[in-house]
Amino acid sequence: MSALWLDPPSAVHTDDILAPFAMTADQSRGRQHPEEPHSFRGLYQRDRERIIHSAAFRRLLGKTQVLVAGVNDHHRTRLTHTLEVAQIARCLARALRVNEDLCEAIALSHDLGHPPFGHAGEAALDECLADHGGFEHNLHALRIVDELEEPYADHPGLNLSWEVREAMAHHSPRRDDEAVRELRSAGSPLIEAQLVDAADSLAYDTHDLDDALGSGLLTLDDLRGVGFWQQAAGRVRAKLGDPSRDAFRFAVVRTLIDWQVTDLLEQTRARLEERRIQTLADVRQADEPLVAAGPTVRALKAELEAFLFERVYRHPRVLRLTTKGRRFLQALFAELSRMPELLPMRYRRRVGPGGRADGGARRVVGDYLAGMTDRFAQGEYVRLFSPAMD
Ligand code: MG
C-alpha cells in the first residue's frame with residue numbers, strides 16, 4: 001500500500017478536511033459553459049489561476065488604491081492591496097476550515113472592475129454612463145469575467161464558477177440590476193465571500209493609514225486622537241519599549257492587523273456556534289452576517305474610518321490627483337463617444353452591428369476607459385488632446 005502523499009494528485013483531498021458549512025466544489029452551481037473536470041486541479045483552483053492569468057488582473061498593478069499609481073514605488077496599488085486581501089482571507093479560511101481556494105479566487109477578483117483613479121474614476125464613469133445604466137465596479141467586474149476577457153476561442157469570458165461571480169453580485173449596491181438578480185438567488189453570501197469582505201475592509205483601513213504615514217500625508221502626531229492607533233501603539237510600547245520611528249510604525253500596523261484578524265476569528269467562531277450553523281444550508285438561511293468583528297473593534301474601526309475619510313481621502317494632495325483623474329476620464333469619454341473610430345480595433349469591433357456590444361458605443365467606450373491603468377489614461381489624454389502631433 002502506498003503512502004497518501006504518493007497517491008496520484010487529486011482535487012478531492014482538500015474538500016475532505018473542510019467544515020460542514022464550507023462550500024465545496026461538488027456543491028457548486030458550476031460554470032456557464034460546461035467543461036470537463038481537470039484531473040488534479042479543483043474547480044476553484046482553476047478559477048484562481050484564470051483570474052491571475054487575466055489582463056484585468058495584471059492591470060491592477062497600475063491602478064490607484066488611494067494614491068495615484070506612480071506617485072512613488074512603495075505605496076499600495078490595487079494589485080498589492082488585492083494580494084494583502086487574499087493573504088488575510090486565506091489565513092482566515094484556513095483557521096475556520098472553509099474553502100481556501102474559493103476564498104482566494106474571490107479575493108483575487110474582488111477589485112477587478114475598478115477603473116483608474118480609484119473612487120473618483122468610478123464616480124466619473126457613473127456620471128458619463130448615467131443614461132446607459134451607469135457604472136459600478138462590481139457589475140463591471142462581472143462584465144470583465146463574463147464578457148470582456150477573451151482567452152478562449154469558443155466562448156467569451158473566463159467562465160468562472162457561479163460562486164465567484166455570486167460574490168461579485170452580493171458586493172454590488174445595485175441589488176435590483178438585472179445582471180445580479182440570478183446570482184443573488186441562493187440566499188445569504190457564503191462564509192468564504194463574507195471572509196473576503198471582512199479581509200478587504202481590515203486590509204484597506206490599516207494599509208491606507210500606513211501609506212498615509214509613509215507618504216507624509218499624516219504624521220504620528222496627527223494620530224493622537226485615534227483610539228485604534230493609540231491602543232495598538234500602547235501594546236507595542238509595552239512589548240518593545242521605545243523602538244525607532246519606522247520600526248514603531250511597522251509594529252503598530254502589524255498589531256492592528258493581528259488584532260483585527262484574531263478578533264474576527266473569535267467573534268465568527270462564537271457566532272457560528274451561537275446560531276448553530278452546521279451546514280451550508282444554515283449559512284444560506286442566516287439572516288445576519290456570520291463573519292463580523294466584535295463591538296469594541298467595530299467602534300474603534302468606525303472612528304478610524306471617519307478619520308481616514310476626513311484626513312486622508314480628502315487630503316488636498318489626494319483630491320488634486322483624483323480630480324485630475326476624473327477630468328481625464330470625462331474628457332476621454334466625451335471625445336471617444338463622439339468619435340468611436342478613435343477606439344483601438346479590439347473595442348471598435350464591439351461597436352455597432354456584428355460586435356458583441358450590448359449598450360452601443362458609449363458602453364464600449366466605458367469598458368475601454370475602465371480597463372485603463374492610471375498611467376495609460378494620462379498618456380491617452382495627452383495623445384488625444386496635446387497639440388503636439390503623434
Ligand atoms: Mg478592495
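1. Confidence. The average pLDDT of the protein (the predictor's confidence in each residue, from 0 to 100) is 91, and 92% of the residues score at least 70. This is a predicted model, in which local features need pLDDT of at least 70 and side-chain atom pairs count only at pLDDT 80 or more, whereas totals for chains, interfaces and linings use all residues. Residues are numbered from 1 along each chain as its sequence is written, and side-chain values use heavy atoms, with hydrogens and water left out. Over residues 354–358 the pLDDT stays under 50, and for this stretch the model has eleven contacts (heavy atoms within 4.5 Å) beyond four places in sequence.

2. Metal site. The magnesium ion is coordinated by NE2 of H81, NE2 of H110, OD of D111 and OD of D200, at 2.1 to 2.5 Å. Donors are N, O and S atoms within 2.8 Å of the metal (3.2 Å for Na, K and Ca), and sites may look incomplete because water is not among the atoms. Along the chain, the donors of the magnesium ion follow the spacing H-x28-H-D-x88-D. H110 lies in the loop between α5 (100–109) and α6 (118–128), while D200 belongs to helix α10 (residues 191–214), so this pair ties together parts that are 90 residues apart in sequence. Helices are DSSP runs (H or I, at least four residues; for strands E, at least two), numbered from the N terminus. H110 and D200 are both buried, where buried means under 20% relative accessible area, exposed over 50% and partly exposed in between (1.4 Å probe, protein chains only).

3. Aromatic pairs. Rings of Phe, Tyr and Trp (its six-membered ring) pair if their centres lie within 6.5 Å, with planes under 30 degrees apart counted as stacked, over 60 as edge-to-face and the rest as tilted; the count by this rule comes to five aromatic pairs. The ring centres of F117 and F328 are 5.9 Å apart and their planes are at 55 degrees, so the pair is tilted. This pair links distant parts of the chain, with F117 in the loop between α5 and α6 and F328 in helix α15 (residues 316–338), 211 residues apart. F117 and F328 are both buried, and together with Y381 and F385 they form one aromatic cluster.

4. Charges over rings. A charge sits over a ring if NZ of Lys or CZ of Arg is within 6 Å of the ring centre and within 35 degrees of the ring normal. R29 places its charged end over the ring of W162, 4.4 Å from the centre, and R235 lies over the face of W259, at 3.9 Å from the ring centre.

5. Salt bridges. With a salt bridge taken as a side-chain nitrogen of Lys or Arg within 4 Å of a carboxyl oxygen of Asp or Glu, the count comes to 30 salt bridges. In the one between D101 and R48, the closest N and O atoms are 3.4 Å apart; D101 lies in helix α5 and R48 in helix α2 (residues 43–52), so the pair ties together parts that are 53 residues apart in sequence. D205 and K301 meet in a salt bridge at 2.6 Å, N to O, which links helix α10 with helix α14 (residues 295–313), the two residues being 96 residues apart. Both D205 and K301 are buried.

6. Network. R41, R48, E49, R90, R94, E100, D101 and E104 are linked in a network of salt bridges. Within it, the closest N and O atoms of E100 and R94 are 2.9 Å apart; E100 is buried at a relative accessible area of 17%, whereas R94 is exposed at 53%.
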